[in-house]
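Trainee: Could we go through this chain together? I would like to learn how the terms are applied.

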Amino acid sequence: MIGTTLPALRIEVTPTVVISTALATRDFQDVHHDRDAAVQRGSKDIFLNILSTTGLVQRFVTEWGGRNCLVRGVSIKLGVPCYAGDTLTITGSVRESVREAGEEQYVVAVSGTCGLGEHVRGTVRFALEDAAGGEHD
């Protein structure tokens, strides 16, 4: 598993994606819902919030890992904004395995880019459990 490159995830960041994910994360900052307010504050448009980006990074790993993929930790840093109308492409690979609390876990290094450059970089740590709830090797 170490060294495995995950298939890229391309997400069309429509205004609906930006607004609905911000609202779903209970982020009512107007720069994530109101284009005029975002522009007035110096942005070119509404943009993804950090919680939405975190969810999309987790989705990248769990869609690859399947229904038995359990996220154990996420550590990310935001870079450039990802505006409505852009495409976010998330890539990554399994970099290492660690044993924590008696459980085998894997670390995926991720990077998400959009038109302006790198929007997000970081790691997702996950475990795999078999259908019976036990650890997967």
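Mentor: Here are some terms and how they apply to this chain.

Mentor: This is a predicted model, where local features need pLDDT of at least 70, side-chain atom pairs count only at pLDDT 80 or more, and totals for chains, interfaces and linings use all residues. Residues are numbered from 1 along each chain as its sequence is written, and side-chain values use heavy atoms, with hydrogens and water left out.

Trainee: How do you know how many helices and strands the chain has?

Mentor: Helices are DSSP runs (H or I) of at least four residues and strands are runs (E) of at least two, numbered from the N terminus. The chain comes to 3 helices and 5 strands, in the order β-α-α-α-β-β-β-β from the N terminus on.

Trainee: What makes a residue buried, and what percentage of the chain is buried?

Mentor: Buried means under 20% relative accessible area, with a 1.4 Å probe and protein chains only. Of the 137 residues, 41% are buried.

Trainee: Why is a set of residues called a nonpolar core?

Mentor: The name applies because its members are buried Ala, Val, Leu, Ile, Met, Phe, Trp, Tyr and Cys residues joined through side-chain atoms within 4.5 Å. The largest such core here has 30 residues, and Phe60 and Val108 have the most contacts inside it. Elements giving two or more residues to this core include helix 3 (50-65) and strand 4 (103-114).

Trainee: What makes something a contact of Val108?

Mentor: Contact means heavy atoms within 4.5 Å. Leaving out residues up to four places away in sequence, Val108 touches, among others, Leu6, Phe60 and Val124.

How values were computed
Buried < 20%, exposed > 50% of the residue type's maximum accessible area, 1.4 Å probe, protein only.
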